[in-house]
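Please find below a short note on the model under review. It is meant to be read beside the sequence and the coordinates.

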Amino acid sequence: MKRYQLMAPCHFGVESILKKEIIDLGYEITSVEDGRVTFEGDAEAVCRANIFLRTAERIMIQAGRFHATTYEELFEGIKAIEWEEFLPADAKFWVTKASSVKSKLFSPSDIQRIVKKAIVERLKGKYDIAWFEETGASYPVRVFLLKDEAVVGIDSSGESLHKRGYRKLASKAPISETLAAALIMLTPWKKDRILIDPFCGSGTFPIEAAMMAANIAPGVNREFPAQEWDNVIPKKIWYEAVEEADELVDLDVHTDIQGYDIDSDVIKIARGNAALAGVDKLIHFQQRDVKELSHNKKYGFLITNPPYGERLEEKSALPDLYGTLGERFRKLDDWSAYIITACEETEKYMGQKADKNRKIYNGMIKTYYYQFMGKKPPKRTKQQ
């Protein structure tokens, strides 16, 4: 089976988590760059990566990579790619996105126009036709220029992989599903440990945690353009990947995952989203103010995305809100707290210094992942 270089973009700051996910799937890493991990794989890898990876934004087949400082070089570089290996004569293809960083070619619209034209010129010669009807399967093309190096990918995912299909409604300023999954995976939380999100909003953190606990693959209930790429990926491989995912699901797992929010309407949204994700039986959602945060057991986790004055709350309200969160957290017995926020004074307001602080970009917003580590639970004996 033909092998490809597969590119998986991700949020800046979580590349190490995506790298581990890909290795755990059984694939070899080629390179790790800011916001992108490249690995080697075949057609089966395209299917399994789309279905199983929790922290990737999309999966692209790298069609070509070359140096370009002029539009002529860009045109010739694109034309030299063997597009006929990917695009049949009836393919619907377009340049869905072009980006440029620190490169002489910087106009996205011009880059898109030149790339489309070069692909057409290549295929004209290979298929001996002058006009392409584009009535077949969709093959979105993406082009990235960094320091005058052009990387060209064919997007197998279509809509971003953060769109799992369960979040039909969202509260204000929701965190993306892929970032939520990555932040959970940056903690030592396991399915047998308590997890509470006191600012759960539309329920993304609890739902992603429950899907991990039940071994539900994040992409199993959605569709991808590459499912129609019969010339590249046989349908049988998609069926086998979905079957593999279905066999791993365990909805009988015992969990203690909870989500609180002060807004009752938001809690209704969270419950609806959890039901669509198939994990509503694994999560307890409740309308509750952060002032009422409590739990009688030890060694739990708070993982949350509280308001931070950018979109939800005025900055003047943050000292009291974060102060209350810190106060309630300290009353929990040997718990850990993981908080993503753009508020740079989180430690001051909470009244304690974080053990670790990791910079992560939530979209275009620079945020900080404050990590307050609690004690580890004692190791269990074989009898336990």
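1. Basis. The model is predicted, so local features need pLDDT of at least 70 and side-chain atom pairs count only at pLDDT 80 or more, while totals for chains, interfaces and linings use all residues. Residues are numbered from 1 along each chain as its sequence is written, and side-chain values use heavy atoms, with hydrogens and water left out.

2. Largest pocket. The largest pocket holds about 980 Å³ of space. A pocket here is an open set of points on a 1 Å grid over the protein atoms alone, where a 1.4 Å probe fits, with protein on both sides within 12 Å along at least five of seven lines; lining residues have an atom within 4 Å of a point. Grid points are joined across faces, edges and corners, and a volume is the space filled by probe spheres set on the points. The lining numbers 28 residues, and Pro9, Phe12, Asp34, Gly35 and Phe144 lie nearest the centre.

3. Class of the lining. Eleven residues of the lining of the largest pocket are nonpolar, eight polar and nine charged. Ala, Val, Leu, Ile, Met, Phe, Trp, Tyr, Cys and Pro count as nonpolar, Asp, Glu, Lys and Arg as charged, and the others, Gly among them, as polar.

4. Pro9. This residue belongs to strand 1 (residues 4-9); strands (E, at least two residues) and helices (H or I, at least four) are DSSP runs, numbered from the N terminus. Pro9 counts as buried because its relative accessibility is 16%, the cut-offs being under 20% for buried, over 50% for exposed and partly exposed in between (1.4 Å probe, protein chains only). Beyond four places in sequence, the contacts of Pro9 (heavy atoms within 4.5 Å) include Leu18, Gly35, Arg36 and Met60.

5. Second largest pocket. Its volume is about 740 Å³. Of its 24 lining residues, Glu21, Asp24, Arg54, Met185 and Met212 are the closest to the centre. Helix 1 gives the largest share of this lining, five residues, and helix 7 (235-248) is among the elements that supply at least two. By class, the lining of the second largest pocket has 16 nonpolar, two polar and six charged residues.

6. Helix 7. Which residues of helix 7 are buried? They are Ile237, Trp238, Ala241 and Ala245. These cover an arc of only 105° around the axis, so they lie on the same side of helix 7; the arc is that of the directions from the helix axis to the C-beta atoms. Helix 2 (43-52) is part of what covers them, whereas the face turned away carries the exposed Lys236, Tyr239 and Glu247.
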